[in-house]
Amino acid sequence: MSIFGSHKTRMVTAADALPGRAAPLPVPAKHEVLGTPLSPPYPEGSQVAEFALGCFWGAEKDFWQVPGVISTSVGYEGGFTPNPTYEETCTGRTGHAESVRVVFDPDKVSYPELLKVFWESHDPTQSMRQGNDVGTQYRSAIFYKTPEQQAEAQESLAAYQKRLTEAGYGQISTEVVPAGEFYFAEGYHQQYLAETKNPYGYCPDHGTGVSCPVGVVKASGPAGPVQPEG
């Protein structure tokens, strides 16, 4: 038996998942920092990317600071329970991962550049955990929306695996899977680390400090500002 408890790190089956509810949780109309819509419809020409990389508070903040990102929100994805609560997700009996939705302008920031932020903002080799946060809800995942996103995600995974191996890390455990239903989290989780909500809030950064060779976006990450390569 794992020292972390197998019940927390073993995926629940659809038959054993919590039943959830038909009604979605209320979603704030506007992003606390960007002032843009959290839920659809999104601006014409925008695209959506969805990622899971541990605690969604800090992960969301990493993305909303990226130039070209229109809106971000946090939720639950990759499991079985419809419209789960945070408490339900934390039991490990919904199958969902804490996830971040990123709405972006592809003319200003590319999907590979968002993947760079994703890889550098957590440790993708830790499987069902990030640091002391243990459980299936903390697993690493890329929920792709299109065949193009799938191909770019797999390409970036291979490139980052090479960098991690060179740095002495093990195998990436990140799931690259089709996006399912994204269930918005409770309002108090949305933009939790915004200055106007929790100015002294904290969410551990478990990045490896290893740079990802894909993309050239400038953003604050675990190793400091990411500068264009070349």
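Biologist: Which backbone oxygen lies 3.1 Å from a polar atom of the Asn 83 side chain?
Modeller: The backbone oxygen of Ala 22. Bear in mind that this is a predicted model.

Biologist: Where is Asn 83 found?
Modeller: In a loop. The loop runs between strand E2 and helix H3, and H3 covers residues 86–90.

Biologist: Is Asn 83 buried or exposed?
Modeller: Buried. Its relative accessible area is 11%, and buried means under 20%.

Biologist: What is Asn 83 in contact with, leaving aside neighbours within four places in sequence?
Modeller: Arg 21, Ala 22, Ala 23, Pro 24 and Leu 25. Glu 88 and Tyr 183 are in contact with Asn 83 too.

Biologist: New topic, helix H4. How many of its ten residues are buried?
Modeller: Ten of ten. H4 spans residues 111–120 and is mostly covered. Among the buried residues are Tyr 111, Leu 114, Phe 118 and Trp 119. Lys 116 and Glu 120 are buried as well.

Biologist: What covers the buried residues of H4?
Modeller: The cover includes strands E1, E2, E3 and E6. It also includes helices H2 and H5.

Biologist: Stay with H5. At what angle do H4 and H5 pack?
Modeller: About 45°, with their axes 10 Å apart. That angle makes H4 oblique to H5.

Biologist: Is the crossing of H4 and H5 left-handed or right-handed?
Modeller: Right-handed.

Biologist: Which residues in H4 meet H5?
Modeller: Tyr 111, Pro 112, Leu 115, Trp 119 and Glu 120. In H5 they meet Gln 149, Glu 152, Ala 153, Ser 156, Leu 157 and Tyr 160.

Biologist: Is Cys 90 buried or partly exposed?
Modeller: Partly exposed, with a relative accessible area of 27%. Cys 203, at 11%, is buried.

Biologist: Last one. Where is Gly 131?
Modeller: In the loop between strand E4 (129–130) and strand E5 (133–134). Gly 131 is buried, with a relative accessible area of 14%.

Biologist: What does Gly 131 contact, leaving aside neighbours within four places in sequence?
Modeller: Gln 126 and His 206.

Biologist: And how many residues apart in sequence are Gly 131 and Pro 204?
Modeller: They are 73 residues apart in sequence, but 8.3 Å apart in space, C-alpha to C-alpha.

Methods
Residues numbered from 1 in each chain as written. Predicted model: local features only at pLDDT ≥ 70, side-chain atom pairs only at ≥ 80, totals over all residues. Heavy atoms only, no water. Helix = DSSP H or I, 4+ residues; strand = E, 2+ residues; numbered from the N terminus. Buried < 20%, exposed > 50% of the residue type's maximum accessible area, 1.4 Å probe, protein only. Contact = heavy atoms within 4.5 Å. Polar contact = N/O pair within 3.5 Å; in protein donor to acceptor, adjacent residues only side chain to side chain. Axes fitted to C-alpha atoms, helices over the stretch in contact; angles between N-to-C directions. Parallel < 35°, antiparallel > 145°, perpendicular 65-115°, else oblique. Left-handed = near helix turned anticlockwise from the far one by under 90°.
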